[in-house]
Amino acid sequence: MSEQHNQHGRREAPGTANPLAVWWRQHREWVAGLDRGAKLKYRAFQVLVLIAVLIIAVFLFLRSWMRLPDVPEPPNINAGINGGNISHGDLSSGDISFEGADLPNVAKSGRKDGYYTFLLCGKDVVSNSTDTMILITYDTKGKRISAVSLLRDTMTNISARGGSQKRLNTIYTRNLGDRSLPDKERTENGMTALKLEVSKLTGIYPDFYVLVEWEAIGRLVDAVDGVEFEVPFDMDYDDPTPGQDLHIHQKAGLRLLDGQDAMEVIRFRKNNTGTISLGDVGRTQIQRDFLTAVLKKCLTPEILLKLPTLVQIFTENVDTDLTVGNILAFAQLAIGMDTENGVKFAAMPYYGVMYNGASLVCAQQDELLELLNDGINPYLDDIQASDLQLMYQKSGGGFGVTNASLVDPAVAQVYVPKPKPEEPDEPDSSEEPGDTSGEENPDASTPPDGSGGDTPPDSGQVGGDNSSSGDTSSPGTAADPGTIPNPPDIGSIDPGLVFPDPSPDIQNGSGQIAADGLNLPPAA
C-alpha cells in the first residue's frame, strides 16, 4: 500500500488528506511565488474583504436591532394598571387611578396598516407639568406625519376642585404615584394616565410616548449645525432675578438659529414693554412651528452621519417607552420624506372659558373631528362625536361633558351674582329698621370652589351628565359671554409660562393663564 508524507514528515494514508489543508498549503505556495508588487495588491485585497465582511455583519446586527415596534394593546381601564385602579389620584397617596369610561368604540374597529401614534410632551423643569403636548400620527407607508397640539389649558373632566387644577397639563403630575416608586415607574404611571385622558379628548389612545426635557432642544439644534426658522417678531425680554437670569433678544426674520437662539425663542412669552403677550395658543404655536423645523432638518440625509451624537442626546434627555432601535427604524423609513408636503402640524380648535378664576379652553367638537379624521386617525373607522368626552360650556354658564357623567358636579353650576339694586330716592317706610332682606349678601360674590350661589335656570347637560336636561348649547359653541360672570378679557391676562419665571405670583400659583392666541403688534 502506498503512503504519502505531509509537510511535517508524518505519514498519511491515501485519501485521508484534509481538502482545506491541501488548499491552504497550495495557497501559501502561490503567495510565496508572487513578486513584491503583487503581494502588496494581494494584502490590500485582503483588507477590503475583511472590511466588507465587517460591514455586512454590522448591517445584519442593526437590521435585527433597528426594528419597528409592535403596536401595543391599550390598557384595560377596568382592570387597572398593575392590578390597581386607574383614576386621577393624589401625587403623594400612591393611588394611581383614572376616572373615566372605557376606550372609545373607534379604537375597536382595527388599525390602518403602517400607522403609529405618539404623544410627544415637553416637560416644564419647574412644575414638572407637561406644558407642551402634541399627538402625532406617522403613516410609514404613505410617508406622512400629521399632528395636533393639545392646549395645556384644556378643561378636563376630573375631580380636582380648583379651576387651574382642571387643566390637561396637570394630569401627568397628579398621577405619578408615591415618591418612593422608581422614577421609571412613576413616569409610566403619569404618562399612562395622560394617554387615557388624551383618548377621551381625541378618540385616539396613543401607542407610545416621548417625554422631553426642553433643555435638550438646544443641544439637539447644535448637534445638527443649527436650524433655519422664521422668528415671527422681535423678542426682547430680560429677567435679572437671582436664579433666573433670563435674557432673550432675537430679531424677527428667517435666520439660522443655534442652540442658544433656539432656547430663547421657545422660552419667550412676553416682551419688556408688555406690548407683546403670548397666551397658551400663541406660545405653543411658536413651539410647534419650531419643532416642525427641527423635524425637517433631522430628516435630511446628511443627518445620518450625526446619529451617534443624536442618540446620546436622546438617551440622556428623553423618557420614552420606545427603544433606540425603534426610533432609528422610524427614522430610516422617514429618509426621503417630502417634508414640505408630508409633515402637517395643526392646533386644537378651541374656545376660551373661565372657571373658578382660571382661564381655560374647551375643544370645538366639529372642527376637531374634521382635523382628526384628516390624517391623524389611525383606526379603520372615522372618529365620531360619540367617541369623544369633551367639556363644554352651557348657555346658562355652567359646564357639561359629552358622552359621560361629570366627575365634579360643581362645574355644572357657575355662580352669577344678583345685580345690586339701585338706591331708592326715598326710604321705604314699610321696611322695618334693621331688615336686610332686600340687601345683597356681601359674601355672595365669592362662592366656594366656583359653586354655590344662584344656580342658572338652565343647568341641563348633553350626553351622559346626571343633571336634568334642557340645555341646547353645543359642545362646539361657546356660551353667550353675557351669562358668564367676569368674562375673560382675551389677550389682557398675563399667561403662564412653559418655563415659569420665579416671580412670587408665578411661584405660588396665583398667576393667570390666558387662553388666547397671539396678541401682537405688527412686526417691526
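These are my notebook entries on what I looked up in this predicted model.

**Ground rules**

I number residues from 1 along each chain as its sequence is written, and my side-chain values use heavy atoms, with hydrogens and water left out. As the model is predicted, local features need pLDDT of at least 70 and side-chain atom pairs count only at pLDDT 80 or more, while totals for chains, interfaces and linings use all residues.

**Whole chain**

I looked up the secondary structure and found twelve helices and 18 strands. Helices (H or I, at least four residues) and strands (E, at least two) are DSSP runs, numbered from the N terminus.

I then checked burial: 46% of the 524 residues of the chain count as buried. Buried means under 20% relative accessible area, exposed over 50%, and partly exposed in between (1.4 Å probe, protein chains only). The chain exposes about 26,400 Å², and carbon and sulfur atoms supply 53% of this area. Accessible areas come from the Shrake-Rupley method with a 1.4 Å probe; for residues, only the protein chains shown count as cover.

Taking contacts in the chain with a separation of 6 or more, I find that residues 24 or more positions apart account for 67%. Contact means heavy atoms within 4.5 Å.

**Nonpolar cores**

In soluble globular proteins, nonpolar side chains tend to be buried together. I looked for nonpolar cores, meaning sets of buried Ala, Val, Leu, Ile, Met, Phe, Trp, Tyr and Cys residues joined through side-chain atoms within 4.5 Å. The largest has 48 residues, of which Phe-118, Ile-217, Met-235, Phe-268 and Phe-290 touch the most other members. Helix 7 (residues 280–298) gives the most to this core, with five residues. Apart from this core lies another, of 39 residues, among them Ile-158, Ile-171, Val-281 and Ile-383.

I followed Phe-290 further. Leaving aside neighbours within four places in sequence, Phe-290 is in contact with Ile-217, Val-221, Val-227, Phe-229, Leu-257, Ala-262 and Ile-266.

**Helix 6**

Helix 6 (residues 259–267) is mostly covered, with eight of its nine residues buried. At its start, a side-chain oxygen of Asp-258 reaches to within 3.2 Å of the backbone nitrogen of Gln-260.

Asp-261 is buried, at 16% relative accessibility. Its side chain meets that of Arg-255 in a salt bridge (3.9 Å, N to O). Arg-255 is partly exposed, with a relative accessible area of 23%.

**Salt bridges**

Side chains of opposite charge can pair when their charged atoms come close. I counted a salt bridge where a side-chain nitrogen of Lys or Arg is within 4 Å of a carboxyl oxygen of Asp or Glu. A search of the whole structure finds 17.

Asp-225 and Lys-306 form one of them, at 2.9 Å, N to O. This pair links distant parts of the chain, 81 residues apart: Asp-225 is in the loop between helix 5 (216–223) and strand 7 (227–231), and Lys-306 is in the loop between helix 7 and helix 8 (307–317). Asp-225 counts as exposed at 53% relative accessibility, whereas Lys-306 counts as partly exposed at 24%.

I also noted Asp-374 with Lys-344, the closest N and O atoms being 3.0 Å apart. Here Asp-374 lies in helix 11 (residues 365–376) and Lys-344 in strand 13 (residues 343–347), 30 residues apart. Both are partly exposed, Asp-374 at 45% and Lys-344 at 35%.

Asp-131, Arg-152, Asp-153 and Arg-167 are linked in a network of salt bridges.

**Helix 2**

I looked up Tyr-42, which is in helix 2 (residues 36–65). Tyr-42 counts as buried at 15% relative accessibility. Not counting residues up to four places away in sequence, Tyr-42 touches His-27, Trp-30 and Val-31. Tyr-42 and Val-31 are 8.5 Å apart in space, C-alpha to C-alpha.

Ile-55 is also found in helix 2 but is exposed, at 54% relative accessibility. With Val-47, Leu-48 and Ile-51, Ile-55 makes a nonpolar surface patch of about 390 Å². Patches are made of residues with over 30% relative accessible area and no salt bridge; like charges are joined within 9 Å, nonpolar side chains (Val, Leu, Ile, Met, Phe, Trp, Tyr) within 5 Å.

**Backbone angles**

Lys-143 has a positive phi of about 50° although it is not a glycine. Lys-143 lies in the loop between strand 4 (130–139) and strand 5 (144–150). Asn-403, not a glycine either, has a positive phi of about 60°.

How values were computed
A polar contact is a pair of N or O atoms within 3.5 Å; within protein, one must be able to donate a hydrogen and the other to accept it, and residues adjacent in sequence count only if both atoms are side-chain atoms.
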